[in-house]
Amino acid sequence: MRGFFTRFALVFSALAFAGQVPATARDSEPAETRWSFAIHGGAGTISREDMTPQEDAAHRAALQAALDAGAKVLDEGGTAMDAVEAAILLLEDEPRFNAGRGAVYTWEGSHELDASIMDGATRDAGAVAGVTNIRNPILLARKVMTDSPHVMLAGKGAEDFAVEQGIEIVPPSYFDTERRREALERMKARQLSSLDVDLKFGTVGAVALDRNGNMAAGTSTGGMTGKRWGRVGDAPIIGAGTYADNRSCAVSATGWGEYFIRVGVAHEICALLRADRQAARSAAEWDASRAAGPDAVVFVSGVEMPVRAAQNVADDVMDDVKELGGDGGVILVTPEGHALFSFNTAGMYRGRATSDGLNEVAIYGDD
């Protein structure tokens, strides 16, 4: 309840201060002039002490390249979907992140990759789970969305569909990396958990708001080191690891997937933001009607939500995950162009850029 009252106090105080101006005057501003973008490359126990200067620089360079790729699409008037795809493609091809080329090993020594993508304008979505030979699972997830009647395909069926769609197939050995192999060997030798081995969740993701006011989200992962029995986490599950809705926000998550599934993290954030927006709109209509007279009927087409209100929603949901015992983080963008992060871990590989000139990447909690 603490988060509920905090959010609504912020929303209502912002409306009162503005005298309902955000609900009316803002509507006349050209939304297409504004874009926003955010990426992540995983969250966890990530500290300066455990990172060499060279590793730090390499991770930041990889994040910056992906951030710039998506920002370029948006700045040139491209779609949120294309921006999300452009960034995730680079992150999937970068072996430093646990997605695509850098995917961790299963208990049996193979790789099983998951990905999902969602269009906030239509709420169309596509996802794949447990694929073993798809170079870029995010491309296949988008094909599931656009060229199949389904939302999620898994395993061999998804791979057969990839062949039909002309998606690049690679031998499973393409995903082999010495660092990930060593992590699996340490896990087996010392009977460690995947958390003890990795110290982080290496899922990658991106969220975008384009100049037309449309949003999109995408997420891709190799899962958890030593996973067994076809385990699937939150990344390919619409509503858990990925969600986008033009009425509220776009979210991509990274973390201990079982907890993110149980909370329904991505959808939960969007649903709470949508409820806050509707409540603020109702309050603005009530105040506007009172000001216009007893017989007036006033409709307010939209409200601008304060950045702190959106941040509080994300933080509250991540607190819920933590209370259950889960770790991780989220990135999100809102219709106002806010690009935000929330994580309950020591660090998260992340970056954000906006049409206002913001462009930054970060790793540690105190960045």
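Modeller: E8 and strand E9 (residues 249-255) pair in the antiparallel sense over 4 bridges. This is a predicted model, in which local features need pLDDT of at least 70, side-chain atom pairs count only at pLDDT 80 or more, and totals for chains, interfaces and linings use all residues. Residues are numbered from 1 along each chain as its sequence is written, and side-chain values use heavy atoms, with hydrogens and water left out.

Biologist: Why are E8 and E11 said to stand at the edges?

Modeller: The open sheet has 4 strands in the order E8-E9-E10-E11, with antiparallel pairing. Strand E8 (242-245) and strand E11 (339-343) each have a single partner strand, so one side of each is left without a neighbour in the sheet.

Biologist: Why is Glu-112 called buried?

Modeller: Buried means under 20% relative accessible area (1.4 Å probe, protein chains only), with exposed over 50% and partly exposed in between. Glu-112 has 18%, and is therefore buried. Glu-112 lies in the loop between helix H4 (80-93) and strand E2 (113-119).

Biologist: Which residues does Glu-112 touch, not counting residues up to four places away in sequence?

Modeller: Taking contact as heavy atoms within 4.5 Å, Glu-112 touches Thr-106, Gly-130, Val-131, Thr-132, Thr-221, Gly-222, Lys-227 and Gly-230.

Terms used. Helix = DSSP H or I, 4+ residues; strand = E, 2+ residues; numbered from the N terminus. Pairing = 2+ DSSP bridges.
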